[in-house]
Amino acid sequence: MVQSWSAWKRFPDAQSGGVVEAPIGPGVYEVRHTMTGRVVAFGSTSNVANAISELKVNGGVSAFARLFGKQPLVSRVNDLEYRTYATASRAEAKTAARSLTSLRQSAWRRRLDHGIAVRAS
């Protein structure tokens, strides 16, 4: 069976009771800023719903993020949307994430080779 990305969904606001609609299992996730399209989080995980739920916004910082000095993704949760790519296993999720990263890098190289101006984010 061929897997594909889910549709983009608004990032839930936990303070108002919002919940993540994502697989409770392995896969890949991508979170982007709605206005700029800038990717603010991307990764593979054994539990997509949990990974998205643990991303910190609105000034919150997890213990793990504090360890590495990471700042919150954005100042407002309303500025984010996410999509998911379900896989059968954690290993398949890692492979899919590497493949998707490689495809993205190839696309950027092609754009640069064709002289399309790219704005730094």
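## Two charged pairs

The side chains of R32 and E81 meet in a salt bridge, with N and O 2.5 Å apart. The term salt bridge is used here for a side-chain nitrogen of Lys or Arg within 4 Å of a carboxyl oxygen of Asp or Glu. R32 belongs to strand β2 and E81 to strand β4, so this pair ties together parts that are 49 residues apart in sequence. Helices (H or I, at least four residues) and strands (E, at least two) are DSSP runs, numbered from the N terminus. R32 counts as partly exposed at 24% relative accessibility, whereas E81 is buried, with a relative accessible area of 12%. Buried means under 20% relative accessible area, exposed means over 50%, and partly exposed is in between (1.4 Å probe, protein chains only).

How many salt bridges does a search of the whole structure find? There are two. R83 forms one with E30, where the closest N and O atoms are 2.7 Å apart. R83 sits in strand β4 and E30 in strand β2, so the pair links parts 53 residues apart in sequence. R83 counts as buried at 19% relative accessibility, and E30 counts as buried at 2%. Side chains of opposite charge can pair when their charged atoms come close.

Residues are numbered from 1 along each chain as its sequence is written, and side-chain values use heavy atoms, leaving out hydrogens and water.

The chain has a mean pLDDT of 78, and 74% of its residues reach 70 or more; pLDDT is the predictor's confidence in each residue, from 0 to 100. Among the elements of the chain, β4 has the highest mean pLDDT (93) and helix α2 (residues 63-67) the lowest (40). Over residues 58-70 the pLDDT is below 50. Where pLDDT is low, the predicted coordinates should not be read in detail.

## The sheet

Now for the strands. Four of them form an open sheet in the order β1-β4-β2-β3, with antiparallel pairing. Its edge strands are β1 (9-10) and β3 (39-45), each pairing on one side only. Two strands pair if DSSP finds at least two bridges between them. Strand β2 (residues 27-33) is joined to β3 by six bridges, and the two run antiparallel. G27 stands opposite T45 in β3.

## What lies buried

Which residues of the largest nonpolar core touch the most other members? They are F11, Y29, V31 and I52, in a core of 15 residues. A nonpolar core is a set of buried Ala, Val, Leu, Ile, Met, Phe, Trp, Tyr and Cys residues joined through side-chain atoms within 4.5 Å. Two or more residues come from each of β2, β3, α1 (48-54) and β4, and α1 gives the most, with four. Leaving aside neighbours within four places in sequence, I52 is in contact (heavy atoms within 4.5 Å) with F11, V20, A22, Y29, Y82 and T84. Another core, of five residues, lies apart from the largest one and includes V28, Y85, A96 and L100.

T84 is found in strand β4 (residues 80-86) and is buried, with a relative accessible area of 5%.

Terms used: Predicted model: local features only at pLDDT ≥ 70, side-chain atom pairs only at ≥ 80, totals over all residues.
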